[in-house]
Amino acid sequence: MALTAERLRNDERFSGENVTQFLLFLPFGLCLFVVRTILALMLWVASIILPNKSTVRQMLSTLACWTFGVYVKVKGQRDPRCSMLVANYASCLDSLAAAHALGTISLRKWKVPPFFASTLGIRNAAQFVRKEHFGDCTSAPLLLQPEGGPANGRGLLRFADWPFPVAQRVQPVAIEVERAFTAVTVHTGHGAGFPWRDALWFLLAPVTVYKLTLLPATSDVTEVAGVIAEHLQIEATDVEYSALCRAPPVAPARAAGPARELARRAQQVKEVLPRVPLHDIMRDLAITRSVDVTVTNFLEGVTPYTPEPIPQAPEAPAGPANPQPGPSAPRYVTPPAQAPFPKSAKERQLSFHERKAQMIADARQRYIEKHGLNLTITG
């Protein structure tokens, strides 16, 4: 069975007993968070004042790994003939792990401060106007992740085709990430922006272990995805990352509850304003989520509508079997289709209170007439 976007998404940070285990770890995790926040401030200052040299970048990447609790393992040999590495996308800090262990530069579309981008080993993809520019950078190998974003590890997302024509020989890299208690990636619809929530969880987690496996270089770039998927023992799918960024569909059973609640509120508004069409009430309630606000919108003329006719109650026939006349038809509040909107706030407040008092009086009258009570209504 082919994997779908829903099965490749990850919507939960915890699973199973991880919540209980994380709560036990939380006091120590908060201490780690404070220490790593201090390291992050030191990293920020150092990245601004120090020159942009290879030795400095290596030192900053090491400090960044300490800050985010990243530990990197490398397996395999780097092919010096390849200036381009192609890897799967495992997390938002893949670029940091690769820059620290392999000295690579990753291309991203994130809009982050330059010092932060340099520390993570990334460069804005917009700087490379033409595809040929991918092979122009000889100072450091380029790491491309054509998936565009991470999945949940069950399958490999579809590779974009734009990186491949720019190099005749590439080296595949399989990236695996392990972390205790929490998931590394949660799909919250951040799209092309930097996933700050995922990055903050690195500060709270005990350690995040990256395993980079350098696979044999190949000149057939069309088989790179298959080589990486085979090594990771997962399926190479045709699902694009953009499909994972969309909100998941609401299950029918879960959608039935809100629909019933909306219908119940609409009926409440309909009892007060019987001449307002039900579809207009539903449309306004879908925005306001409040019976009072919706009633006010119709009374004040904020929400337009076409009035419906009021059904007349049939009169009871007079005769010996029915000597007493039946109760008169109940009086309803019938607001105008487009009520004039008062100019001053005082007039609007007075108009609202008058209409509210009228609604209360009419509702009380309907209740008395419905139950046949013999009460004197004082107004």
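Which residues of H4 are buried? Select helix H4, residues 94–102. The buried ones are Asp 94, Ser 95, Leu 96, Ala 97, Ala 98, Ala 99 and Leu 102. Buried means under 20% relative accessible area, exposed means over 50%, and partly exposed is in between (1.4 Å probe, protein chains only). Seven of the nine residues of H4 are buried, so the helix is largely enclosed by the rest of the structure.

**Before you go on**

This is a predicted model, in which local features need pLDDT of at least 70, side-chain atom pairs count only at pLDDT 80 or more, and totals for chains, interfaces and linings use all residues. Residues are numbered from 1 along each chain as its sequence is written, and side-chain values use heavy atoms, leaving out hydrogens and water.

Show the whole protein. It has twelve helices and nine strands. These are DSSP runs numbered from the N terminus: helices are H or I with at least four residues, strands are E with at least two. Of the 379 residues, 41% count as buried. Take the contacts between residues at least 6 apart in sequence: 77% of them join residues at least 24 apart. Contact means heavy atoms within 4.5 Å.

**Stop 1**

Axes are lines fitted to C-alpha atoms, for helices over the stretch in contact, and angles run from 0 to 180 degrees between N-to-C directions.

The crossing of H3 and H4 is left-handed. That term applies if the near helix is turned anticlockwise from the far one by less than a right angle; clockwise is right-handed.

Now pick out the contact. H3 brings Gln 58, Ser 61, Thr 62, Ala 64, Cys 65 and Phe 68, while H4 brings Leu 96, Ala 99 and His 100. By class, there are five nonpolar, four polar and no charged residues. Nonpolar covers Ala, Val, Leu, Ile, Met, Phe, Trp, Tyr, Cys and Pro; charged covers Asp, Glu, Lys and Arg; the others, Gly among them, are polar.

Step past the end of H4 to Gly 103. Its phi is positive, near 70 degrees.

**Stop 2: the cores**

Select Phe 68, Val 70, Leu 93, Leu 96, Phe 202 and Tyr 210. These have the most contacts inside the largest nonpolar core, which has 38 residues. Such a core is a set of buried Ala, Val, Leu, Ile, Met, Phe, Trp, Tyr and Cys residues joined through side-chain atoms within 4.5 Å.

Centre on Leu 93. Leaving aside neighbours within four places in sequence, Leu 93 is in contact with Phe 68, Val 70, Leu 120, Phe 202 and Tyr 210.

A second, separate core has 18 residues, including Val 86, Leu 142, Val 224 and Leu 232.

**Stop 3: H2 and H6**

Show H2 (residues 18–49) and H6 (residues 196–204). Their axes are 7 Å apart, at an angle of about 100 degrees. That makes H2 roughly perpendicular to H6. From H2, the contact takes Phe 22, Phe 25, Gly 29, Leu 30, Leu 32, Phe 33 and Arg 36; from H6, Leu 200, Trp 201, Phe 202, Leu 203 and Leu 204. Ten of these residues are nonpolar, one is polar and one is charged.

In H6, Asp 198, Ala 199, Phe 202, Leu 203 and Leu 204 are buried. The buried residues of H6 pack against H2, H3 and strands E1 (70–75), E7 (171–179) and E8 (208–214).

Go to Ile 49, in H2. Ile 49 is exposed, with a relative accessible area of 62%.

**Stop 4: two loop residues**

Most residues other than glycine have a negative phi. Select Phe 181, in the loop between E7 and H6. Phe 181 has a positive phi of about 80 degrees although it is not a glycine. Is Phe 181 buried or exposed? At 18% relative accessibility, Phe 181 counts as buried.

Finish at Gln 233, in the loop between H7 (224–232) and E9 (235–236). Its phi is also positive, near 60 degrees. At 72% relative accessibility, Gln 233 counts as exposed.

Note on methods
Parallel < 35°, antiparallel > 145°, perpendicular 65-115°, else oblique.
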